[in-house]
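My notes follow in the order in which I went through them.

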Amino acid sequence: MQMQIQILGTGSASDPGLPNSSVVANCNGLRIMIDCGYSVAREAIGAFRDPDTVDALVFTHHHPDHCYGFVPTMIAWSDAGRRKPLVIAASPWGRQQLCELQRLGLGSGWKPGFEYVWHNLPEPLTLGDTRLTFAPTDHTVPNFAIRIEHGSAVFAYSGDGRQTRESRALFQGADLLMHECYSLEPLPDEAGHCSLDVCAEMAATLSLGQLLLYHIREDQRTAVTAASAAIPGVSVADTGVVVEITPHGVRADPAPIELGQA
């Protein structure tokens, strides 16, 4: 295994049936969680029975469905005995927001039983043999897409937003790209989201190994799923699936694993 992606959630902001979009990249034991929204906290807490499992938590942006699970997850890991420092990568404004959420929820005197090690986006981040780089997308608040490189394996994750010149360069040549696809066709009342036609163009031109779509609006999911099935190298991501990036390509395992035991 070069890299393993555990998909904790794939839902859009108000999806009633799917947890908020979030994944964990396992780079030979170094685990990086991307986003922690309000409805994915339960999945995160349940998956990480060992509270020291996750090494870093990276936020693409700071809408509620991407960050409001931060405080309950920190409480759970602290209560479970975590003592290992946690790297938290966020924009400077995002860091202020996370600290304020913690203060509002728990008071100014509460501290977890472990240290936060803050990293300011979009500065590149190196964790052992793993390198993370970032690029802005076109969203309603600042959002930074992520590229994770470990050995020869490359995973990219869009967060929310339409493509930019910088994000296209970031995605180029990724073995696996997960990109939000809010709707089948562009929706004039939904600024800052991507549609299937744009995702299909990226799959055709960016030398990707595989493109998985997520953060699909509930009433668009059936249409996006059906249409994407006809596009080579493109499919809809499933919550709970483990995807492995190996020297031989990308392989999905439908049976979730206990991350703390992997």
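I began with Arg165, which forms a salt bridge with Glu166, the closest N and O atoms being 3.6 Å apart; I count as a salt bridge a side-chain nitrogen of Lys or Arg within 4 Å of a carboxyl oxygen of Asp or Glu. Arg165 is exposed, with a relative accessible area of 67%, while Glu166, at 35%, is partly exposed. For these words I use under 20% relative accessible area for buried, over 50% for exposed and partly exposed in between, with a 1.4 Å probe and protein chains only.

I noted the basis of these values: the model is predicted, local features need pLDDT of at least 70, side-chain atom pairs count only at pLDDT 80 or more, and totals for chains, interfaces and linings use all residues. Residues are numbered from 1 along each chain as its sequence is written, and side-chain values use heavy atoms, with hydrogens and water left out.

Searching the whole structure, I found nine salt bridges. One of them joins the side chains of Arg221 and Asp15 at 2.1 Å, N to O. This pair links distant parts of the chain, 206 residues apart, with Arg221 in helix H7 (residues 221–228) and Asp15 in the loop between strands E1 (3–9) and E2 (22–27); helices (H or I, at least four residues) and strands (E, at least two) are DSSP runs numbered from the N terminus. Asp15 counts as buried because its relative accessibility is 9%, whereas Arg221, at 25%, counts as partly exposed.

I then looked up Arg147, whose side chain meets that of Glu149 in a salt bridge of 3.5 Å, N to O. Arg147 is buried at 14%, and Glu149 is partly exposed at 29%. Arg147 lies in E9, opposite Thr133.

E8 runs antiparallel to E9 (residues 144–150), with seven bridges between them, and I take two strands as paired if DSSP finds at least two bridges. On its other pairing, E8 is joined by three bridges to the antiparallel strand E7 (residues 125–127), and Leu127 has Thr130 as its bridge partner.

Last, I checked His139, in the loop between E8 and E9, which counts as buried because its relative accessibility is 12%. Its contacts (heavy atoms within 4.5 Å), not counting residues up to four places away in sequence, are His61, His63, Asp160, Gly161, Gly192 and His193.
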